[in-house]
Amino acid sequence: MKYVLTAGLALLAAAYAGRAFAQDIELVDVAELSGGGATVGTNFKNGVDLAVEEINAAGGVLGHKIVVAHFDTQSNPGVARAQVQKALDSNPYVLLGPGYSGSVKVTAPLAAEAGVTQIMGGEAAELTRMGDKFLFRTSFGQQSSMPKVAKYMAEDMKAKTVAVVWVNNDFGKGGRDTIEKEFDKLGVKVVADISTEAGQADFAADVAKVKASEADAAFVYLNEEESARILKEFKRQAATIPLMGETTLVGQKVIELAGDAANGARAHVGLTTDAPVESIRAFRERFVKKYNYVPDHNGIKGYLAIYMIKAATEKMGKLDPKGVADALHGLTIKAADQPGILMDVTFDENGDIDRQGFLVEVENGRQIIKQILPKLH
Amino acid sequence: MSSLFDLVISGLATGAIYALVAIGFTLLWQTSQTINFAQGEFVMLPAFLMLAVVRAGAPFWLAIIVGALLSIAILGIAFKKLLVDPMLRHGVLPLAIATMALSVAMKESVKQFFSAEAQPFPSIAPSGSVSILGSPVSLQSLGVFAFGLAAVIGLNLFLERTSSGRQMQAAAQNPTVARIVGVPVERMIMLTFVINAALVALASLLVTPIYLAKFSSGETLGQAAFIAAIVGGFNQVRGAIIGGLAIGVLDNLAAAYVSTQYRAAVPLALLIVIILFRPEGLVGRSEERTV
């Protein structure tokens with residue numbers, strides 16, 4: 001009996017010892033895997049999984065394997081909040097997502113209270129103005145991108161009047177508020193302010209209103225599926241007004257859904273797999289090989305999020321979930337040192353990013369880079 | 001003025017689709033007391049059946065034929081035999097609840113086994129526009145309206161001018177007497193389900209290029225068609241047609257001249273008014289039942 005007990009205790013000790021050496025980096029990704037944002041969340045998830053697979057194959061982060069669990073927000077902020085609460089109960093190393101700004105807004109306070117770093121895909125300007133020290137972007141906030149869009153519309157498109165079409169959620173409202181302030185500064189008049197609903201299927205009335213406004217150009221700021229539907233409607237109604245957006249209007253999935261209705265649409269994008277950057281081209285090839293489709297910017301966001309965690313953890317030299325946020329603030333990650341980060345990026349104290357961007361136009365179903373906008377610092 | 005014209009034309013196109021789906025509602029109710037709360041999903045599914053056939057390597061024209069035949073088999077024959085017949089024995093309400101469950105099952109199945117993301121879908125209507133009264137009008141809108149109208153006229157001709165059509169009407173109006181005079185009532189009821197399946201497959205083919213193929217696309221369509229059927233008259237095919245066209249145009253005008261946020265409220269407000277003041281619908285007949 002004594003021997004059985006001793007053997008049992010020895011086995012138990014070995015199991016615990018083994019566990020201590022092989023501690024995994026446990027991440028939770030809370031994403032829009034169904035509902036109106038399924039394109040956003042699925043791409044983000046696939047980008048995350050690809051990065052995790054690459055890093056684990058190369059030995060992990062400081063010898064530790066990354067393990068990620070995916071939870072579905074159903075594109076609903078209420079569900080997102082419940083899923084994040086469930087995620088936080090498992091003490092993740094870092095929380096990933098959501099992609100929708102409205103969902104980020106309601107989940108960020110939970111993560112901040114738990115002291116868990118959150119790396120998300122939301123772009124609404126207000127997200128990094130909430131004083132949350134644990135929240136980080138993977139793409140430009142609207143406060144960075146909208147001034148560039150407004151300037152391009154005023155100076156390059158020579159628009160004196162614009163119609164603004166926006167989606168009535170936190171993402172759309174934030175973008176509309178920011179761009180209209182920028183238009184005001186530049187003396188561009190907003191002659192139509194048209195709100196649409198998330199998940200909206202029929203855009204006949206909205207496009208008719210844009211046409212009736214006789215604006216010089218239209219700024220269209222909707223989520224991905226709705227962007228595809230409105231582009232198809234612009235084509236159906238033979239509307240010739242120049243269209244400008246910010247990332248979502250010309251996303252890869254939007255181009256796939258809209259077909260040739262997307263041709264001619266222009267946008268400022270922070271992340272595109274059509275960028276003339278070798279590391280991005282290589283990422284695109286690996287993604288297509290694994291998933292058999294070309295990712296949109298959300299796929300790149302998910303991929304970058306994992307390499308951000310890798311860079312921060314390597315900077316600390318140890319696994320310290322409470323230290324990830326401090327490690328990221330003020331950090332510049334160079335693509336030469338960390339190829340998975342794809343382009344040089346700097347994070348500021350608010351969790352915003354500074355990185356190069358692109359002005360693109362869709363031609364024959366591809367994003368063609370018209371201008372490269374350099375990193376500010 | 002041209003914007004009003006655009007809105008009316010595209011509203012009629014959308015309304016034609018609502019009418020096709022609403023006609024299915026009314027036919028099923030009239031012949032078999034079936035209220036099908038999965039009707040919206042019945043419009044969603046054929047598009048995915050067609051996409052699955054395309055993905056298997058078939059050309060689109062073949063996918064349409066195969067998809068339509070599969071729709072008739074699944075949404076017509078199988079639906080009648082496997083769900084409606086067993087549940088109808090227990091009454092109208094249990095059957096209605098069963099169709100709600102079917103609606104959820106269909107959505108989740110497509111989401112699980114196909115994709116949660118929207119998919120592009122080719123259009124059979126031509127692209128481009130034509131000038132009417134000085135305004136460019138989408139050929140796709142005209143095409144959808146024309147196809148929808150042709151289907152409705154075809155159905156009406158079938159019901160009024162053919163022996164089977166008249167037998168269907170007889171079976172709907174009074175199955176007992178119809179049996180006595182030799183109408184094969186059960187076969188006529190099955191024919192109604194088959195016609196409904198064909199109508200929703202056509203509606204799917206017309207609407208999916210505009211709305212995109214998505215597992216959740218049946219929700220708003222089903223609601224709009226249900227409202228159209230009630231507003232027009234749940235026991236009259238022409239009520240479904242009038243209701244469908246009216247809801248399509250009203251929805252567009254509400255979005256343009258009232259508010260996009262509250263566009264969905266306008267048809268619902270009309271529904272409440274109709275139920276309060278003319279519950280049989282605009283062209284429906286009052287029905288009385290002994291309880």
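## A guided reading of a predicted two-chain model

Chain B has an average pLDDT of 89, and 98% of its residues score at least 70. This score belongs to a predicted model, and it expresses the confidence of the predictor in each residue on a scale from 0 to 100. For chain A the average pLDDT is 92, with 94% of the residues scoring at least 70. One stretch of chain A needs particular caution, for residues 15–21 have a pLDDT below 50, and beyond near neighbours in sequence this stretch makes 0 contacts in the model. For the complex as a whole, the predictor reports an ipTM of 0.86 together with a pTM of 0.85.

We can now turn to the overall form of chain A. Its secondary structure is made up of 12 helices and 15 strands. The radius of gyration of chain A is 22 Å, close to the 21 Å that the globule rule gives for 377 residues, and so chain A is as compact as a globular protein of that length. When the C-alpha trace of chain A is laid along its principal axes, it spans about 90 × 40 × 40 Å. Of the 377 residues in this chain, 55% count as buried. If we consider the contacts in chain A between residues at least 6 apart in sequence, we find that 66% of them join residues at least 24 apart.

Chain A is also divided into two domains, of which domain 1 covers residues 18–140 and 276–355, while domain 2 covers residues 143–269. The centres of these two domains of chain A, taken over C-alpha atoms, are separated by 28 Å. Where the domains meet, 18 residues of domain 1 of chain A are in contact with 18 residues of domain 2 of chain A. On the domain 1 side of this meeting place, α2 (38–57) and α4 (101–114) of chain A each supply at least two residues, and the largest share, 3 residues, comes from α4(A). The residues on that side of domain 1 of chain A divide into 7 nonpolar, 6 polar and 5 charged.

A closer look at one helix shows how such an element can be described. Helix α8 of chain A, residues 224–236, has 13 residues and reaches 19 Å from its first C-alpha to its last, which is close to the 18 Å expected at 1.5 Å a residue. An α-helix has 3.6 residues a turn, so residues three or four places apart point the same way. Is α8(A) mostly covered or mostly uncovered? It is mostly covered, since 13 of the 13 residues of α8(A) are buried. Just after α8(A), the residue A238(A) takes a positive phi of about 50 degrees.

In chain A, a cis peptide bond joins G97(A) and P98(A), with omega at about -5 degrees, and P98(A) is found in the loop between β3 (94–96) and α4 of chain A. Another loop of chain A, between α7 (204–213) and β8 (217–221), contains E214(A), which has a positive phi of about 55 degrees although it is not a glycine. E214(A) is classed as exposed because it has 11 other C-beta atoms within 10 Å, and the exposed class takes residues with 12 or fewer. L212(B), in the loop between α8 and α9 (218–232) of chain B, likewise is not a glycine and has a positive phi, of about 75 degrees. D260(A) is partly exposed, with 14 other C-beta atoms within 10 Å, and lies in the loop between α9 (252–258) and β10 (266–269) of chain A. D260(A) and F287(A) are 27 residues apart in sequence, and their C-alpha atoms are 24 Å apart in space.

Finally, we come to the place where the two chains touch. The contact takes 25 residues from chain B and 28 residues from chain A. Several elements of chain B give two or more residues to this side, namely α1 (2–32), β2 (135–138), α5 (139–161), α8 (185–211) and α10 (237–257). The largest share of the side of chain B that touches chain A, 5 residues, comes from α1(B). By kind, the residues on this side of chain B divide into 10 nonpolar, 12 polar and 3 charged.

Conventions: Residues numbered from 1 in each chain as written. Chains lettered and ligands numbered in written order. Predicted model: local features only at pLDDT ≥ 70, side-chain atom pairs only at ≥ 80, totals over all residues. Contact = placed C-beta atoms within 7 Å. Helix = DSSP H or I, 4+ residues; strand = E, 2+ residues; numbered from the N terminus. Nonpolar A, V, L, I, M, F, W, Y, C, P; charged D, E, K, R; others polar. Rg over C-alpha atoms; globule rule 2.2 N^0.38 Å. Buried ≥ 20, exposed ≤ 12 C-beta atoms within 10 Å, placed from the backbone. Expected span 1.5 Å × (residues − 1). Domains from an automatic or database assignment.
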